[in-house]
Amino acid sequence: MTMQYDRDGTQSTVLSAAGAASALSRPSRAKGPLVWLDMDQQQLDDAYDQIVYAPNRDQVGKRRIANSERTRAIIGTPQRVGYGPSEIEKLDIYRAKQANAPVNIFVHGGAWRANRGADYTFLAEPFVNAGAHCVILDFTNVDDAAGSLFPMVEQVRRAVAWVYNNARSFGGAPGRLYLSSHSSGSHLAGCVVTHDWRKENMPVDILKGATLGSGMYDLKPVRLSKRSKYVKFTDEMEAALSPQRHIDKLHTPLVLAHGTYETPEFQRQTRDFFAALKAAGKPAELIVGEGYNHFEMLETLANPYGLLGRAVFAQMGLTAHI
């Protein structure tokens with residue numbers, strides 16, 4: 001067991017891959033006052049700190065970036081266009097050869113703080129080969145947004161609207177837009193699918209389907225965790241940007257997913273969101289990745305025969321070509 005310091009300066013316990021989950025479920029220290037459900041502050045902080053449960057985070061991240069560079073060498077550089085006024089408000093379009101093709105829009109994660117769209121090019125190749133365009137978004141981060149999540153959500157919504165309005169310009173079908181996402185990107189995507197699109201004079205079913213992987217859908221426990229050190233949560237933010245509280249606005253069939261080696265809170269967040277959707281009569285499917293941690297789950301999206309890849313391809317009606 002080793003110690004590591006996160007970007008926010010907090011200390012994380014890094015466990016072996018085999019013992020991460022079991023060790024935290026049997027703490028040797030004295031348990032403090034309960035903060036959320038059956039968790040004290042340390043347990044809750046750990047439940048929103050991926051490195052505690054996924055000690056191979058950096059290894060998987062390096063693999064993702066290397067594979068993205070290799071993918072660009074194979075399928076070419078994307079068409080990069082702006083969807084908003086600021087420098088970061090751009091998206092990368094990886095184009096299929098077919099005209100009037102469906103479009104998958106991907107929203108990346110990174111604890112709301114890190115990563116860029118170019119780090120996720122490796123996801124595009126299966127879509128392009130199957131005759132679909134892949135659009136990967138860039139957007140601001142919470143540090144550059146002075147601790148607010150509102151600009152991030154607004155930019156991702158604006159990007160989706162841009163794709164809808166401009167799909168025909170790159171051979172896409174505006175009536176065949178789909179969303180995929182991971183981690184904090186799935187929180188942002190959750191805010192997209194529960195947005196009242198009538199306010200933008202757009203159809204409520206602007207997205208025909210969405211696959212949200214390993215996300216957060218209610219901000220209350222996140223606000224209680226150490227993530228509040230860099231996200232300046234307010235009552236307004238918690239209420240407005242908790243997708244689970246706005247299910248009435250959902251008009252998009254969802255696939256939700258988590259791995260069995262994810263943190264207990266990321267597993268619970270997905271299960272509870274799914275249960276709330278089913279109780280409300282909304283179309284939703286839950287996929288559980290046996291033996292996958294938080295970062296390994298994303299890699300399955302890059303394979304049309306992988307756990308997430310198969311789900312998205314089925315949702316979009318695509319046939320795998322490898």
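The following dialogue explains how several terms apply to this predicted model.

Reader: What kind of model is this, and how are its residues numbered?

Author: This is a predicted model, in which local features need pLDDT of at least 70, side-chain atom pairs count only at pLDDT 80 or more, and totals for chains, interfaces and linings use all residues. Residues are numbered from 1 along each chain as its sequence is written, and side-chain values use heavy atoms, with hydrogens and water left out.

Reader: Why is Ser184 called buried?

Author: Buried means under 20% relative accessible area, exposed means over 50%, and partly exposed lies in between (1.4 Å probe, protein chains only). Ser184 has a relative accessible area of 2%, and is therefore buried. Ser184 is found in helix H7; helices (H or I, at least four residues) and strands (E, at least two) are DSSP runs, numbered from the N terminus.

Reader: Which residues does Ser184 contact, leaving aside its neighbours within four places in sequence?

Author: Contact means heavy atoms within 4.5 Å. On that basis Ser184 is in contact with Gly109, Gly110, Ala111, Trp112 and Met216. The C-alpha atoms of Ser184 and Trp112 are separated by 5.7 Å, although these residues are 72 residues apart along the chain.

Reader: What makes H7 mostly covered?

Author: Of the 10 residues of H7, 10 are buried. Among them are Gly185, His187 and Cys191. The buried residues of H7 pack against S7, H6, strand S9 (172-182), strand S10 (209-213) and strand S11 (254-259).

Reader: Why are H6 and H7 called oblique to each other?

Author: Axes are lines fitted to C-alpha atoms, for helices over the stretch in contact, and angles run from 0 to 180 degrees between N-to-C directions. Angles under 35 degrees count as roughly parallel, over 145 as roughly antiparallel, 65 to 115 as roughly perpendicular and the rest as oblique. H6 and H7 (residues 184-193) pack at an angle of about 60°, with their axes 9 Å apart. The two helices are therefore oblique. The contact involves Met152, Val153, Val156, Arg157 and Val160 of H6, together with Leu188, Cys191 and Val192 of H7.

Reader: What is the make-up of this contact by class?

Author: Ala, Val, Leu, Ile, Met, Phe, Trp, Tyr, Cys and Pro count as nonpolar, Asp, Glu, Lys and Arg as charged, and the others, Gly among them, as polar. The contact of H6 with H7 has 7 nonpolar, no polar and 1 charged residues.

Reader: What makes a group of residues a nonpolar core?

Author: A nonpolar core is a set of buried Ala, Val, Leu, Ile, Met, Phe, Trp, Tyr and Cys residues joined through side-chain atoms within 4.5 Å. The largest such core has 61 residues, and those with the most contacts inside it are Leu91, Trp112, Leu149 and Leu179. Its largest share, 9 residues, comes from H6 (residues 150-166). Apart from it lies another core, of 25 residues, including Val255 and Ile287.

Reader: How do you know that His258 is buried?

Author: His258, whose place is in strand S11, has 3% relative accessibility and therefore counts as buried. Among the residues that His258 touches, not counting those up to four places away in sequence, are Ser214, Phe266 and Met297.

Reader: Why is Asn115 called partly exposed?

Author: The relative accessible area of Asn115 is 24%, so Asn115 is partly exposed. Asn115 lies in the loop between S7 and helix H5 (124-129), and its phi is near 85°, a positive value in a residue other than glycine. Most residues other than glycine have a negative phi.
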